[in-house]
Amino acid sequence: MASEDVVYLLDGLGIETGIDLDALAETGTWITQAIGRPNRSKVGVALAAK
């Protein structure tokens, strides 16, 4: 499970993580591009489409 999806879930449950979801999603996008793999994070893909 992608970190972005976990943080989004916790935020939705009202659990404060202190993690910047946008920055985390950007990092996930960068990593997947660097290794040449598709981004499988639902939240990461949605935020990248903004």
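Reader: Is Ser 41 buried or exposed?

Author: This is a predicted model, in which local features need pLDDT of at least 70 and side-chain atom pairs count only at pLDDT 80 or more, whereas totals for chains, interfaces and linings use all residues. Residues are numbered from 1 along each chain as its sequence is written, and side-chain values use heavy atoms, leaving out hydrogens and water. The classes are set by relative accessible area, computed with a 1.4 Å probe on protein chains only: under 20% is buried, over 50% is exposed, and anything in between is partly exposed. Because the relative accessible area of Ser 41 is 2%, this residue is buried.

Reader: Which residues does Ser 41 touch, not counting those up to four places away in sequence?

Author: Ser 41 lies in the loop between α2 (21-35) and α3 (42-48), the helices being DSSP runs of H or I with at least four residues, numbered from the N terminus. Contact here means heavy atoms within 4.5 Å. With residues up to four places away set aside, Ser 41 touches Ala 2, Glu 4 and Asp 5.

Reader: How far does the backbone nitrogen of Ser 41 lie from a polar atom of the side chain of Asn 39?

Author: Asn 39 is likewise placed in the loop between α2 and α3, and its relative accessibility of 22% makes it partly exposed. From a polar atom of the Asn 39 side chain to the backbone nitrogen of Ser 41, the distance is 3.0 Å.

Reader: Are α1 and α2 roughly parallel or roughly antiparallel to each other?

Author: Two packed helices are described by the angle between their axes and the distance between the axes. The axes are lines fitted to C-alpha atoms over the stretch in contact, with angles from 0 to 180 degrees between N-to-C directions; those of α1 (residues 3-12) and α2 come within 9 Å and cross at roughly 165°. Angles under 35 degrees count as roughly parallel, over 145 as roughly antiparallel, 65 to 115 as roughly perpendicular, and the rest as oblique. The two helices α1 and α2 are therefore roughly antiparallel.

Reader: Which residues in α2 do Ser 3, Glu 4, Val 7, Tyr 8 and Asp 11 in α1 meet?

Author: Glu 4, which is also touched by Ser 41, belongs to the group in α1 that meets α2.

Conventions: A polar contact is a pair of N or O atoms within 3.5 Å; within protein, one must be able to donate a hydrogen and the other to accept it, and residues adjacent in sequence count only if both atoms are side-chain atoms.
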